[in-house]
Amino acid sequence: MLFLLNDQIVDVEIPEMHLERRWRRIGCGRPHAFRAHDVVNFVHARLEQARFFVHGVDHQEACDLAALVIARTGANSLILRRSADGSTQPHLRIIPHQVLEVYARGAANDEGSAPYRSAEPRRAFS
């Protein structure tokens with residue numbers, strides 16, 4: 001499943017299984033007790049911490065955080081919007097899959113890597 005985490009897009013296969021395998025490394029404790037609000041707060045804090053100390057999250061951590069958000073909220077994006085005072089506010093969204101595919105292809109082209117290929121068959125727009 002494609003997930004947009006700020007300006008980074010990741011593809012997480014079977015998010016629930018990913019989360020079950022990696023929840024200890026994520027550092028969130030047992031995620032099954034998390035409510036959507038708890039998940040958003042945890043991911044927001046982790047992204048803020050990474051922004052200040054490491055200049056962002058790596059691909060694996062982005063996949064881990066994406067799996068947590070997908071499994072516990074059903075959203076396929078979490079974007080931090082900057083306020084006038086410099087703070088950030090997290091926003092969960094469900095973005096149409098086709099839009100995420102286009103974004104992923106564009107990101108792959110920008111990085112000079114092979115174009116993104118969807119595992120799903122193409123469907124005509126209705």
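This is a predicted model: local features need pLDDT of at least 70, side-chain atom pairs count only at pLDDT 80 or more; totals for chains, interfaces and linings use all residues.

My entries below go from the sheet to the helices, the cores and the salt bridges.

I began with the strands and found four of them in an open sheet, ordered β2-β1-β3-β4, with mixed pairing. The edges are β2 (8–11) and β4 (88–93), each of which pairs on one side only. On average, neighbouring strands here are turned by 20 degrees against each other, direction ignored. I then looked at β1 (residues 2–5) and β2: they run antiparallel and are joined by four bridges. In that pair, L5 stands opposite Q8 of β2.

**Helices on the sheet.** Next I asked myself which strands helix α3 touches. Helix α3 (residues 59–73) packs on the sheet and touches β1, β2, β3 and β4, its direction making about 75 degrees with that of β2. Helix α2 (residues 36–53) lies across β1, β3 (77–82) and β4, and runs at about 60 degrees to β3.

**Cores.** I followed the nonpolar side chains next. The largest nonpolar core has 26 residues, and F3, L5, V43, L47 and L78 have the most contacts inside it. β1, α1 (15–26), α2, α3 and β3 each supply at least two of its residues, and α3 gives the most, with eight. Another core, of six residues, lies apart from it; L2, L4, I95 and L100 are among them. I also clicked on L47: leaving aside neighbours within four places in sequence, L47 is in contact with L5, N6, V57, L65, L78 and L80.

**Salt bridges.** How many salt bridges are there? The count comes to five, and I took notes on some of them.

- D64 pairs with R22, their closest N and O atoms being 2.7 Å apart.
- R35 and D38 meet through their side chains at 3.7 Å, N to O. R35 counts as exposed at 58% relative accessibility, whereas D38 counts as partly exposed at 26%.
- R105 and E101 form a salt bridge with closest N and O atoms 3.9 Å apart. They are four residues apart in helix α4 (residues 97–111), so about one helical turn separates them. R105 is partly exposed, at 23% relative accessibility, while E101 is buried, at 10%.

Definitions and conventions: Residues are numbered from 1 along each chain as its sequence is written. Side-chain values use heavy atoms; hydrogens and water are left out. Two strands pair if DSSP finds at least two bridges between them. Axes are lines fitted to C-alpha atoms, for helices over the stretch in contact, and angles run from 0 to 180 degrees between N-to-C directions. Contact means heavy atoms within 4.5 Å. A nonpolar core is a set of buried Ala, Val, Leu, Ile, Met, Phe, Trp, Tyr and Cys residues joined through side-chain atoms within 4.5 Å. Buried means under 20% relative accessible area, exposed over 50%, partly exposed in between (1.4 Å probe, protein chains only). A salt bridge is a side-chain nitrogen of Lys or Arg within 4 Å of a carboxyl oxygen of Asp or Glu.
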